[in-house]
Every structure is written in structure tokens, then in C-alpha cells.
Amino acid sequence: MTSSTAIRGELVEIFRRDLVGPLPWDADIARERLNTNPARWYLTGFLAPADDAPESDDPLVQEEMDIEAASAIGAGAGGAAGDEEDAEKPGSSRRLFPSSVGLTVLLPIEVAEVDVVVTWGDYVTEPPLPEGVLIDERSGGKDGSAPRTVDWVRVPRQSSVRLPIPHSGRSRHLLPESASLMKRGGALQLDVHAREFHFETPSGAVEHVRAVTIFLVNRRACADGRGH
């Protein structure tokens, strides 16, 4: 008999594959073929080029913007105050995509480096499209520069790197294996932020650690000002 926990786990996996896309262990869709741009196929799970994102030079700024946005949404949600407020008109600003993703860990102060494994998927068009052509199934091919239909084929990629941990401050490291195929270039980048941190344990002892945040940032060039 299948447990309720197993059923919930299967549902989570179904939604993850549908909204985020393939992970390294999804062999059946590792080299999937889509008939539309992956950025329109998946709702999340992808990083837009940093040049196309606001304040994108510093991933920490994006994180702060996300927190502020979440707080603003929560402040007017539910309760009598939220019901009495006038409904805001829908904004007309363009949709903004994230250009970085990261995590923070606490490491023993003596740790000088960490091993990082980055996995992602590159999507290439079949047939190949010339650089600078915007993909739009509704208008593709009208000017003779692009075929009317095009498939997006996923190519699984991986990069392993040993990162030195700065004593404090910030360091940046490009992933050579992730270099863009476009003439304008660019690559994926790992941003490392570190600072010393002290905290008291339940026993009363003081632990001296280093808080390390590692961001994966899409520093690839944009195509005609749009993400790819």
C-alpha cells in the first residue's frame, strides 16, 4: 500500500518537473525537445542574463528586493485592513526575471576552500538560428531570416570548481565551461561573499564561524536586449 507521504512526494516531483524543469537525475528529459522558448515553457528554474535585470551587478541587492516585495504583499493580505483597502490597479511594468540563485552556509573558521558542482541545461535551436533573431512563433520567418518553426533542444551541462573562501569580502569566479556560444560572449559566474560570525550555543560556548554565501549569476550576453 502506497503511503500518503509517498503520494505527496510523487506530486511534488510532478509539479517540479512541470514548473522548474529537468534535474541531473531526470534521464528521460535530460535532452528534451521543446517547441517553444524554454523561458515561456517553464515558470521558474532559469536565470536571465544579468544585463537584463535591475541592479544586477550585485546579487545581494536582488535578494533584498525580493524580501521587500514579499513584505509588501504580506502587509495587505488577509484581515480586515486588507479587505478595506482599495484594490490597486494592475501594474503595467514588464516582467522581471531573476539572474542569480544562491545559498548561505556557516563554515568552520579554518575552512579555506569548498568544492562546488554546478549543473544546468543549455538549449540550442534546431534548425540553428542566426544570432540576433528573436524567436516568435507568430511572426518567425516573415522576413525570410528564420524558419517558421523551431525546436529547442536541451544539452545537459556540468562544471566542478574548487573555490577559495575569502577571509572577508567578496570574490568572483567565471566558469569557463559555461561560455556563451554567442559572439558577444559571457559565461556563468560564481560570486562568493564571506564574513566572520559569532554565535552562542545552548551550552554557553561561543562558536567562531564564517558565513559564506555563494551566488550563481548568469553573466552571458543578451540577444537583442532579451534573455536567452
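**Note on the predicted model: aromatic pairs, cores and confidence**

1. Searching the whole structure, which is a predicted model, turns up 2 aromatic pairs. In one of them, F46 and F97, the ring centres are 5.4 Å apart and the planes meet at 55°, so this pair is tilted; the edge-to-face class would need planes over 60 degrees apart.

2. The F46–F97 pair ties together parts that are 51 residues apart in sequence, because F46 sits in the loop between α2 (38–41) and α3 (59–75) while F97 sits in the loop between α4 (79–84) and β2 (100–108).

3. The largest nonpolar core contains 15 residues, and V114, V116, V118, L163, L190, V212 and I214 have the most contacts inside it. At least two residues of this core come from each of β3 (113–126), β6 (188–200) and β7 (206–218).

4. Leaving aside residues up to four places away in sequence, V116 touches S159, S160, V161, L163, L190 and I214. Another core, of 5 residues, lies apart from the largest one; Y42, L129, V150 and W152 are among its members.

5. On confidence, the mean pLDDT of the protein is 78, with 68% of residues at 70 or more. The pLDDT is below 50 over residues 67–82, a stretch with 2 contacts in the model beyond near neighbours in sequence. Residues 134–141 also have pLDDT below 50, but that stretch has 17 such contacts.

Key
Residues are numbered from 1 along each chain as its sequence is written. This is a predicted model: local features need pLDDT of at least 70, side-chain atom pairs count only at pLDDT 80 or more; totals for chains, interfaces and linings use all residues. Side-chain values use heavy atoms; hydrogens and water are left out. A nonpolar core is a set of buried Ala, Val, Leu, Ile, Met, Phe, Trp, Tyr and Cys residues joined through side-chain atoms within 4.5 Å. Buried means under 20% relative accessible area, exposed over 50%, partly exposed in between (1.4 Å probe, protein chains only). Helices (H or I, at least four residues) and strands (E, at least two) are DSSP runs, numbered from the N terminus. Contact means heavy atoms within 4.5 Å. Rings of Phe, Tyr and Trp (its six-membered ring) pair if their centres lie within 6.5 Å; planes under 30 degrees apart count as stacked, over 60 as edge-to-face and the rest as tilted. pLDDT is the predictor's confidence in each residue, from 0 to 100.
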